[in-house]
Amino acid sequence: ATRIAISEEFGMKPGTVSTGRMINALKQLGFDYVFDTNFAADLTIMEEGTEFLARLTARKMLPIFTSCCPGWVNWVEINRPDLLPHLSTTKSPQQMHGALTKRGAFARALGPEFADGKVEPYVVSVMPCTAKKDEAMRPGLSGDIDHVLTTRELARMIRAHGIAFGSLSEN
């Protein structure tokens, strides 16, 4: 998880959770809002569970495999295209969060220009895996996330801006 990997980037003890420090660093970098994808992960699990129950009831396209990992999806496409019908149609937490942020209640709450869809929030995702960059550009998913930063890229940005990550508040 990014909240742990970012700590190691700054020499902290492995396993140190730095959610608050990361949020504070992102705000110092100029981000207006910072959200956690945990909520979207819960939504993804619920959607995958619903899809599984529907497939189980219909006794079709079983087993079902998650589609949350773009590296896995790419591997299936290249090496086992026969398994493609078994991939879940549910978006990953990154993509689900992006879609909700751009076109959901949050965007509408930002003001009338966002509410009518003329303007969308610019959504940056911080992820531990470089494959998430590819996922954000995949056909059918592009537009949910505007830019993906890896944990290491975020750490480089924090250092480049002279932010003392270890001194930031965890609250």
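**Salt bridges and helix packing**

Glu 135 and Lys 132 form a salt bridge whose closest N and O atoms are 3.2 Å apart, a salt bridge being a side-chain nitrogen of Lys or Arg within 4 Å of a carboxyl oxygen of Asp or Glu. Both residues lie in helix α8 (residues 131-137), three residues apart, about one turn of the helix, and both are buried, that is, under 20% relative accessible area, where over 50% is exposed and anything in between partly exposed (1.4 Å probe, protein chains only). Helices here are DSSP runs of H or I with at least four residues, numbered from the N terminus.

The model is predicted, so local features need pLDDT of at least 70 and side-chain atom pairs pLDDT 80 or more, while totals for chains, interfaces and linings use all residues. Residues are numbered from 1 along each chain as its sequence is written, and side-chain values use heavy atoms, without hydrogens and water.

Glu 153 forms a salt bridge with Lys 133, with the closest N and O atoms 2.9 Å apart; this pair links distant parts of the chain, Glu 153 in helix α9 and Lys 133 in helix α8, 20 residues apart. Glu 153 is partly exposed at 24% relative accessibility, and Lys 133 is partly exposed at 26%.

Glu 9 lies in α1 and Arg 152 in α9, so the pair ties together parts that are 143 residues apart in sequence.

Note on methods
Helix = DSSP H or I, 4+ residues; strand = E, 2+ residues; numbered from the N terminus.
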